[in-house]
Amino acid sequence: MNPSDEVKAKLDLVDVIRGYIDLKPAGVNFRANCPFHREKSPSFIVSPDKQIWHCFGCGKGGDLFTFVMDIEGLSFIETLRLLAPKAGVELKQADPKLASQRSRSLDAMELATKYYHHILTTSKQAQPARDYLAQRGLSEETISEWRIGYSPDSWDDLVNFLGSRGFTPNEIFAAGLSTKKEGANRFYNRFRGRIMFPIADANGDVVAFTARVSPEKEATEKMGKYINSPQTSIYDKSKILFGLNRAKQAIRQENAAVLVEGQMDVITAHQHGFKNVIATSGTALTADQLDMIKRYTTNISLALDADSAGQEAIQRGEQMARSIDYQEMEAEDARGRLRRYVDPEQSYTFHLKVVEIPNGKDPDDCIRNNPEEWRQAVASGKQVMEFYFDKALATLDVRNIEHRRAALKVLLPKLVELGRENRSEQDFWLKRLSQRLDISETALREDLAAAEAQFRPQNNPRPRPKEAAPLAPKSRGEQLSELLLALALRQPNYFSYLANNLQLDQVIGSANQGLYKGLIIYYNKNTETWLSGTLAEDIGDGQNRPQNAPESNQFSYQIIREWLNLPEAAHALLADQPAIDRIKRKLDELTLLGEKEFFQLELEEARAEIIRLTAWLKKQYLQSRLKDVSQLIKQVEAENNLSRLQPLLEEFKFLSEELKEFNHIN
């Protein structure tokens, strides 16, 4: 068994998905609102029996790995690294599939983290660092939990240690743990004599370090108090939120994230029980970081420093949140013209608040000195617009015309932005501004209209690869084809009726035809095997269910899935691997559709429904073909091509007679 199969065998899909979204029982399956697109009624189905999932709203689906890959935005290898420890599966570095540069860099960072932490907790030269951390109020448990370490004041100890464990100099350099001496092929430690704070990604893998100079060296340090890992294949600071790997469950449970600036702010908050706190690691809030947060909540409280840089960060964060809220789509209108429009169903509305800490303290000081004061500050967070108003009007003298102009210059553009998404809120704040500035609403509305005409927002939304658009509406014929195949998969011995009564081109939809073709080929080659797993008596051909047939409809799904994995399936279907993968996805989708729609259907009702759906598709096909033949007859008559006319007339007559049998079908 390879590592991925072992992981799937040991982890339950339902348990994994429940770690991200709430699932509710639905017959033998579970359902939920889809996490990949916005919907009002649940169309996301999970089968614990078959260990597959599918959303009938956006079309996404798959197994354990595809779900985690989609919701976390990870590659297959990254997902395997995330799930393997949870399943108790050991990944061997010798596995060639895992020997990528990224994987080697992660392995080097993990070993370096253990090394630095060991030095901090055992070495005499790390005593000043231990004293500093104790003065900052960190307990031994917290130091261990966050894996804080110390880099000795040495040029090559880490390089030599990692080299002894099989890492090449270039691999150590690629991980950002060493630097190269200019003009020479020699590498030395990047971090020396510093307290090491590991930075982990959302999956808990260490990808970088923030290194603070040891307190006794502050006066003579020339490189600065803090230095950080460089950007590498595993570290991009714009895509990392410090502490998210430890905070994401609390963020989901509390439906709110508190964003701070410093890593010590995060660590102190978690030590005191405030587990939903994360940090930006020295960057302004980015679109990628917002994308990560929205997996768990759309409520964000910004607890940033009170200085000008902190206020600027709040403004940039709010603008970034609005840019993601404003999701433009592109589609054809009724006349086939390409149009761009804002689709609210594809947009996320972030609810931002600003936390103002009393007396201008930073979160770390506030929490250590008075945790209750921090709790109240977060609970009393202001809406961003209220924060802007308070800041802009704090020193306002309404008698001073320059003060009024300065306030309008700041606040009118904010009201314009707000009006793009919520006119009623814009009206509320316009009235508030009128009262505060002692200016009539009429005059303010004129100023607002002028500002709206001048202000043109940058409507360049960043593409969001994990956001799935709802499926385009399907024709009735395609929907009924899906229902028929889904029901046949649920009641597999009724399939012989389809094989004898429904032609491939009478099935509507290319994906449905691909699956039906595969089912027909397998059925014709393995009729006896197929029938040994059926549930009820067959329709119309006199064959009965064997006495020893298993009481389960798993059989047809399992054997078809296994057959599609064999090379003979691709050969028989004249299909390449992408086509086979599409057929397998369709098999999963329709298997879940059958369980969703026909869970309580009695056998006789299923029999009648299969006959009805088959008849409807045959009628649809005959009507369509009759229309095509009629057009051909007109064309041949116009060309006076008598040799082609007679066969078409005979086909027209035959189709007309056939169609009479289905006049009662609606």
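User: Is Glu657 buried, exposed or partly exposed, and what is its relative accessible area?
Analyst: In this predicted model, Glu657 is partly exposed, with a relative accessible area of 43%.

User: Which residue does Glu657 form a salt bridge with?
Analyst: Its partner is Lys660, and the closest N and O atoms are 3.3 Å apart. Lys660 is exposed, at 52% relative accessible area.

User: Which helix do Glu657 and Lys660 lie in?
Analyst: Both are in helix H28 (residues 642–660), 3 residues apart, about one turn of the helix.

User: Okay, which side chain does Glu452 meet in a salt bridge?
Analyst: That of Arg423, at 3.0 Å from N to O. This pair links distant parts of the chain, since Glu452 sits in helix H19 (residues 441–454) and Arg423 in helix H18, 29 residues apart.

User: How many salt bridges are there by this rule?
Analyst: The count comes to 36 salt bridges. There's also a network of them linking Arg136, Asp364, Asp365 and Arg368.

User: Back to H18. Which of its residues are buried?
Analyst: Gln426, Trp429, Leu430, Leu433, Ser434 and Leu437. Down the helix axis they fall within an arc of 150 degrees, so they line one face of H18.

User: And which exposed residues are on the face turned away from the buried side?
Analyst: Ser424 and Gln435.

User: New topic: how many residues does the largest nonpolar core have?
Analyst: It has 56, and Trp374 is one of those with the most contacts inside it. Helix H5 (residues 101–122) gives the most to this core, with 9 residues. A second, separate core has 55 residues, including Ile45 and Phe495.

Technical notes
Residues are numbered from 1 along each chain as its sequence is written. This is a predicted model: local features need pLDDT of at least 70, side-chain atom pairs count only at pLDDT 80 or more; totals for chains, interfaces and linings use all residues. Side-chain values use heavy atoms; hydrogens and water are left out. A nonpolar core is a set of buried Ala, Val, Leu, Ile, Met, Phe, Trp, Tyr and Cys residues joined through side-chain atoms within 4.5 Å. Buried means under 20% relative accessible area, exposed over 50%, partly exposed in between (1.4 Å probe, protein chains only). Helices (H or I, at least four residues) and strands (E, at least two) are DSSP runs, numbered from the N terminus. The arc is that of the directions from the helix axis to the C-beta atoms. A salt bridge is a side-chain nitrogen of Lys or Arg within 4 Å of a carboxyl oxygen of Asp or Glu.
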